[in-house]
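Here is a short report on one protein model. Keep the structure in view as you read.

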Amino acid sequence: MIKHLSIASQNSILDLYNRIWREHYFPTLWQQAIIIPLLKPGKDPTNPSNYRPIALTSCLCKLFERMINKRLIYYMEAKNHLHSSQSGFRTGRSTIDNLLALETDIRLAFLQRKHLIAIFFDIEKAYDTTWRYGILKDLHDLGLRGNLPIFLNNFLQLRRFQVKVESEFSDFFIQEEGVPQGSVLSVTLFILKINNILKQLPTSVRGYLYVDDLYISCTGTNMNFIQRQLQIAVNSVTQWCNNNCYTISSSKTAAVHFCRKRSLHFDPEIKLNDEIIPFVNDVRFLGITFDRKLTFLPHIKLLRKKCEKSLNILKVLSITTWGADRDSMIKIYKATVLSKIDYGCEIYGSARKSVLQKLDPVHHTALRLCSGAFRTSPVQSLYVDCSEPSLTFRRNILSLKYYFRIKSNTCHPFHNFKLRLFLVRLQEARKSFIPVFLREFMIFF
């Protein structure tokens, strides 16, 4: 409706926005939200904590928030206030950046025959517990004055919500802390607040952040040194979280010891809130499963299992009497199955060929269902008939696109990535070690 308004109506809305901006008034109805709870897959419906809240807010308010958000992001990016290792909701950045950073550190540790210990933190209810006064204080420390911080102060105050279940509404509740759910500005304000957590780490410990998904890592040959540095980092992160009203979940925080050494060595003992952080063989981070040997075999197996379930949709729709046509089937396949295979293929594509081939039967089965081909039809004919490349070729295309996206963004942390000379010589001497992602493309460009 807003997009199809006349020029006169759009000017009236613009006048309204300018009055709100100048007169420091925020409409009361814009501070209200309707919460619709959605049950998380496979969870107990009798437990209220197993529901994901979806907040519905005013569309006029969201439009105004987008205008304010553009100005705020431009200011923070122009002044370099956001840490380079923070990838969440930034132009030209994605989850793949953090996955690439982790994979690169692990590959380099393997190449030098070192240990790499990575700790993956889980912050409990990060959005709902964000300290509002802390957000305004950080804005003031950035040098923001005038109408923008006043608007954000009015925007965060007196937030109310009510829960809707079917046609019934609950009473209104006041949200005392946290950023509003369903708001355009909330994500930017949150990454601004949590940005300083990366500045608490010692120089020997690396950390990467995607919104509230944080991991830190330390590489070395001496396990006592790694344990000491990581314990200092964990204590600093915990202290910062306590000072800023965040809580790290001890039960959901885990560590992985990435190492290819065959000699006997023990995992370090690192404590979080007087509890020892458990070490696991593999961890799921931003949708990709990293195992301690970095074979990506657990990820490929889990991915294939998910894709085979999604193939049931194609099997139902491929009935010859009433099923969908070929073009529709291919579009459904790309949306339900191929999108899962494509995600993170730049990272897990470094796995062995025998591991990656486990996904090929899923691709071939889907193409046969879409085209109506026989089981005995050659694979190459399926590629031609459906105008779809093989998964190997597709991974190469997506990896090449991601590489050029890195090189086109001068602010990207890997834009000027170069291996040290001794690492290049070490890589040439140890051909069996898989090179890092960027090293593979540097050979050709």
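Lys 137 is partly exposed because its relative accessibility is 41% (buried means under 20% relative accessible area, exposed over 50%, partly exposed in between, with a 1.4 Å probe and protein chains only). Its side chain meets that of Asp 141 in a salt bridge, 3.2 Å from N to O. A salt bridge here is a side-chain nitrogen of Lys or Arg within 4 Å of a carboxyl oxygen of Asp or Glu. Lys 137 and Asp 141 are four residues apart in helix H4 (residues 132-141), so about one helical turn separates them. Helices (H or I, at least four residues) and strands (E, at least two) are DSSP runs, numbered from the N terminus.

The model is predicted: local features need pLDDT of at least 70, side-chain atom pairs count only at pLDDT 80 or more, and totals for chains, interfaces and linings use all residues. Residues are numbered from 1 along each chain as its sequence is written, and side-chain values use heavy atoms, leaving out hydrogens and water.

## A buried network

Asp 342 and Arg 394 also form a salt bridge, at 2.9 Å from N to O. Asp 342 lies in helix H9 (residues 326-342) and Arg 394 in helix H14 (residues 391-408), so the pair ties together parts 52 residues apart in sequence. Both residues are buried.

Arg 394 has a salt bridge with Glu 388 too, at 3.8 Å from N to O. Glu 388 is buried as well. Salt bridges link Lys 334, Asp 342, Glu 388 and Arg 394 in a network. The count of salt bridges comes to twelve.
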